[in-house]
Protein chains: 2
Amino acid sequence: MVAMEAVAAVMRWRLLLVLSAAGLGALGVPQPPNILLLLMDDMGWGDLGVYGEPSRETPNLDRMAAEGMLFPNFYTANPLCSPSRAALLTGRLPIRNGFYTTNGQARNAYTPQEVVGGIPDTELLLPELLKKAGYVSKIVGKWHLGHRPQFHPLRHGFDEWFGSPNCHFGPYDNRARPNIPVYRDWEMVGRFYEEFPIDLKTGEANLTQIYLQEALDFIKRQQAAQRPFFLYWAIDATHAPVYASKPFLGTSQRGRYGDAVREIDDSVGKILSLLQDLKITKDTFVFFTSDNGAALISAPKQGGSNGPFLCGKQTTFEGGMREPAIVWWPGHIAAGQVSHQLGNVMDLFTTSLSLAGLELPSDRMIDGLDLLPSMLQGQLVDRPIFYYRGNTLMAVTLGQYKAHFWTWTNSWEEFRQGIDFCPGQNVSGVTTHTQEEHTKLPLVFHLGRDPGERYPLSFASIEYLDVLRRITPVVQQHQEALVPGQPQLNVCNQAVMNWTPPGCEKLGKCLTPPESVPEKCSWPH
Amino acid sequence: MVAMEAVAAVMRWRLLLVLSAAGLGALGVPQPPNILLLLMDDMGWGDLGVYGEPSRETPNLDRMAAEGMLFPNFYTANPLCSPSRAALLTGRLPIRNGFYTTNGQARNAYTPQEVVGGIPDTELLLPELLKKAGYVSKIVGKWHLGHRPQFHPLRHGFDEWFGSPNCHFGPYDNRARPNIPVYRDWEMVGRFYEEFPIDLKTGEANLTQIYLQEALDFIKRQQAAQRPFFLYWAIDATHAPVYASKPFLGTSQRGRYGDAVREIDDSVGKILSLLQDLKITKDTFVFFTSDNGAALISAPKQGGSNGPFLCGKQTTFEGGMREPAIVWWPGHIAAGQVSHQLGNVMDLFTTSLSLAGLELPSDRMIDGLDLLPSMLQGQLVDRPIFYYRGNTLMAVTLGQYKAHFWTWTNSWEEFRQGIDFCPGQNVSGVTTHTQEEHTKLPLVFHLGRDPGERYPLSFASIEYLDVLRRITPVVQQHQEALVPGQPQLNVCNQAVMNWTPPGCEKLGKCLTPPESVPEKCSWPH
């Protein structure tokens with residue numbers, strides 16, 4: 001962290017220059033740039049044309065990359081939605097911010113409706129911190145950091161919300177489980193499959209269009225008010241059940257999943273166009289990425305592509321954790337660049353604070369790196385990427401090398417039931433169905449030569465020994481300094497589900513909760 | 001073929017317009033465009049940045065694509081070098097031009113030194129035909145259409161040659177097998193590992209630089225002479241043993257294979273720059289592709305990447321036969337386009353004739369399609385892609401659908417010895433180690449939704465029945481009209497190897513051939 005702090009100091013100085021070149025606020029003082037995070041749901045590294053998707057149906061995102069900078073080595077902090085999102089908004093690994101379970105070793109956990117936990121009040125979220133620099137913040141789409149009142153996004157720094165607290169699974173009969181509510185700010189305005197229909201048969205839903213309008217309206221309002229904004233556009237059309245609006249249905253060569261991608265691509269194009277029309281491209285930092293790898297269990301009709309990488313969502317192989325990532329900030333970040341910096345969704349926290357001219361919180365460990373030196377000066381900072389499942393450090397990447405301390409895809413029991421996180425892929429001793437411990441002799445891959453993690457280095461090679469010599473102290477230091485947060489995803493209770501979200505009375509949409517029975521959550525993966 | 005002929009007629013008319021806009025020849029008459037085919041050896045679809053290779057080390061090829069047109073759905077005619085190259089230069093499937101074996105069902109065959117056969121005199125090669133339009137033709141690099149005197153490239157239409165008749169395998173002790181000769185035109189000028197060293201330990205060889213100079217010199221000479229040229233740049237640095245020259249060794253994130261790719265990328269950049277310096281970009285049609293998929297058996301150190309596709313070289317899965325393909329013709333083909341036309345290396349034959357304003361041979365079946373309508377007007381023509389191994393039609397693609405009539409990777413016997421054409425990949429019933437016949441009920445994949453061939457369509461689905469209804473007559477028609485050529489790759493003989501290539505006396509490099517013993521070639525794959 002010492003090196004990072006030094007970089008941060010340089011950056012704050014440099015930022016003054018940036019700010020002086022940027023727009024002036026309502027009071028005529030320099031204003032920090034707007035921050036626009038476009039976060040996809042289960043979209044894979046290989047889903048964009050610029051990342052090699054053969055149908056090449058993302059002209060707007062490809063153009064965004066051509067006009068901006070592409071990060072081929074960008075990661076999530078966990079191969080599952082909730083912990084990934086909690087990491088992005090706190091700049092901290094899920095093991096620190098509480099988005100993990102201790103119910104089973106190496107188990108991924110998230111926030112379905114029955115989870116009792118959520119984002120602790122002790123965590124500082126990006127929008128809370130950005131307030132100090134005058135930002136207005138909005139989340140559009142999926143929150144996923146807990147749905148009970150104390151976890152509400154407007155209690156954690158966001159000023160506006162349009163979207164849902166949980167995934168849009170369905171349909172439910174509202175008896176065993178309520179349909180997920182859709183909120184506008186503090187109150188629900190309806191539920192999925194009711195006021196906000198998703199036709200599971202045809203895949204038709206208008207949600208991406210609604211989310212697009214929410215984004216466009218917010219940007220226009222903040223621009224008119226001359227206030228810097230943070231927009232967290234966390235849409236979910238590529239999470240199963242995937243959906244698209246009528247004009248996009250059936251238009252993709254890739255089927256329904258591709259229809260969803262095409263609508264998102266079109267929407268991103270419209271958002272960037274608005275920034276151009278408003279002449280605020282120089283004042284708006286835009287970053288596109290995804291929360292975890294493509295859900296191959298839902299492929300091919302409801303899941304995407306992880307390109308050449310191994311396995312997908314839920315796993316700590318590259319397919320589970322490497323993400324598409326593009327930054328676009330014309331006038332600041334030169335067009336058509338590729339950065340090989342190892343990046344992480346947690347860096348969006350740190351980078352955003354840097355953009356806003358704010359200090360990092362000094363009372364806690366922050367895992368995110370400020371990416372501005374990479375983006376603006378092409379710097380490459382040596383930093384590890386940690387791959388966790390729940391409370392278990394599965395793997396670490398340093399430079400080009402990845403060491404697996406544990407390997408696991410899913411249990412034999414599940415695998416025999418047809419659940420396969422690595423369909424069509426099978427690397428002996430690597431894509432294991434028992435939890436294999438390699439801590440004594442980690443499996444090491446060179447991700448440059450072997451991005452698909454197929455050929456572990458020979459244990460006897462000098463290269464292997466060199467890698468271990470460099471990786472071991474990094475892991476040791478990490479584990480020695482680690483103070484795990486209170487695990488939030490251990491306890492479930494049917495009674496905490498979205499039976500009576502705020503505003504349900506006005507709409508006559510309140511449901512009757514069952515008796516409160518807290519129990520240990522079951523996390524099979 | 002009727003539809004194709006109609007298109008060809010339109011094209012000849014359109015070509016007049018193109019020609020009138022193109023350069024004037026020495027006599028002041030309009031001159032057809034130069035044709036430059038850059039053919040890679042074992043380079044995979046996924047090896048270029050523009051096709052999603054994560055290290056993104058091909059800035060020149062990526063720029064070529066940005067300034068030209070990319071074909072994501074471009075194929076070879078066979079997943080092995082010799083038949084692929086014979087198909088490219090004849091516009092005909094190997095089953096027609098003789099580049100196949102009947103020694104074993106579904107066996108790939110090629111032209112190692114001991115092969116007795118080669119390109120039959122009855123075949124018409126592209127440079128032979130281009131002569132009629134005044135072209136001067138040169139092959140730089142690997143010929144692979146037979147190494148005995150009657151198969152020499154200068155006997156089949158090329159005016160110049162610098163390169164080798166066979167692969168640069170080695171090293172040999174010149175007793176059991178001679179080292180492969182390197183020719184300048186009619187005579188050898190040395191041998192690999194002797195006058196043309198390839199250091200197998202360090203990977204150093206200067207060959208790509210030599211091949212680059214050959215290309216640049218030829219282009220300059222033809223431009224000075226104001227003669228249209230056909231340059232077939234068939235280099236082989238990405239075929240195992242891969243090599244690069246000193247300035248490129250160790251510069252890639254991908255190891256030695258990446259070093260070779262980087263040197264090739266740099267060379268392509270220099271070739272395109274020369275065209276720009278000579279101001280002949282508008283007069284020079286440039287096409288980049290590869291002969292077959294990446295050789296995954298040589299990966300990760302000596303083999304490339306097939307991106308998201310299944311298996312590699314030797315197989316009739318997408319990884320074996322889908323190729324990187326870029327066309328670049330500034331002023332004619334608009335920049336930054338993607339064509340989803342199903343293309344094939346055989347189309348380069350037909351398209352080149354079209355560019356030269358020449359008729360297709362009318363006395364034989366030509367499989368190549370004229371791609372100019374796709375390139376110039378964005379047309380999409382419905383056409384099948386046939387996937388052969390030897391004499392067996394393994395699969396066919398029509399539109400988005402691929403039907404496998406036979407599946408096979410390699411034999412159990414070989415597989416148990418560690419030979420694996422699909423390392424890390426295993427699709428049950430698809431990546432088979434026995435030859436599986438599916439002719440009664442083909443395995444069908446939707447390549448848009450499922451480019452990795454992991455999810456066969458359900459036999460009971462309407463979609464499956466629809467596909468079969470469309471594909472069956474196409475295959476029937478193909479098979480009924482098929483007149484196989486005389487198989488060239490059945491007979492081997494140690495005595496025909498490169499013991500005494502022409503010119504060996506002058507150099508004192510003649511070797512003593514063994515007794516002539518013709519035998520049946522063994523083709524294990």
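Guide: Happy to. Helices (H or I, at least four residues) and strands (E, at least two) are DSSP runs, and they are numbered from the N terminus. Residues count from 1 along each chain as its sequence is written, while chains are lettered from A and ligands numbered from 1 in the order in which they are written. This is a predicted model, where local features need pLDDT of at least 70, side-chain atom pairs count only at pLDDT 80 or more, and totals for chains, interfaces and linings use all residues; side-chain values use heavy atoms, with hydrogens and water left out.

Visitor: Thanks! Where in chain A is A:P300 found?

Guide: A:P300 sits in the loop between β9 (284-290) and α8 (318-321) of chain A. The peptide bond leading from A:A299 into A:P300 is cis, with omega near 0°.

Visitor: And which residues does the cis bond in chain B join?

Guide: That bond joins B:A240 and B:P241, with omega at about -5°. B:P241 belongs to the loop between β8 (229-234) and α7 (256-277) of chain B.

Visitor: How is chain A divided into domains?

Guide: Domain 1 covers 2-23 + 32-388 and domain 2 covers 392-481; the bounds come from an automatic or database domain assignment. Their C-alpha centres lie 27 Å apart. The contact between them takes 28 residues from domain 1 and 30 residues from domain 2.

Visitor: Let's look at α12(A). Where is the kink?

Guide: The kink, about 25°, is at A:I471, shortly before the proline A:P473. The bend at a residue is the angle between axes fitted to the seven residues ending there and the seven starting there.

Visitor: What should the span of that helix be?

Guide: At 1.5 Å a residue, the 20 residues of α12 (462-481) of chain A should span 28 Å, and the end C-alpha atoms are 29 Å apart, which agrees. The expected span is 1.5 Å times one less than the number of residues.

Visitor: Which of its residues are buried?

Guide: A:Y464, A:V467, A:L468, A:I471, A:V475 and A:H478. Buried means under 20% relative accessible area, exposed over 50%, and partly exposed in between (1.4 Å probe, protein chains only). The cover over those residues includes α4 (94-97), β14 (385-389), β15 (392-398), β16 (401-404) and β19 (443-446) of chain A.

Visitor: Is A:K509 buried or exposed?

Guide: A:K509 counts as buried because its relative accessibility is 16%. A:E195 is partly exposed, at 38%.

Visitor: What about the pair B:D41 and B:R85?

Guide: Their side chains meet in a salt bridge too, at 3.5 Å from N to O. B:D41 is buried, with a relative accessible area of 0%, and B:R85 counts as buried at 0% as well.

Visitor: Last one: where does B:G98 lie?

Guide: B:G98 is in the loop between α4 (94-97) and α5 (126-130) of chain B. Its C-alpha atom is 4.5 Å from that of B:P487, although the two are 389 residues apart along the chain. Leaving aside neighbours within four places in sequence, B:G98 is in contact with B:G485, B:Q486, B:P487, B:Q488 and B:L489. B:G98 is buried, with a relative accessible area of 0%.

Conventions: Contact = heavy atoms within 4.5 Å. Salt bridge = Lys/Arg side-chain N within 4 Å of Asp/Glu carboxyl O.
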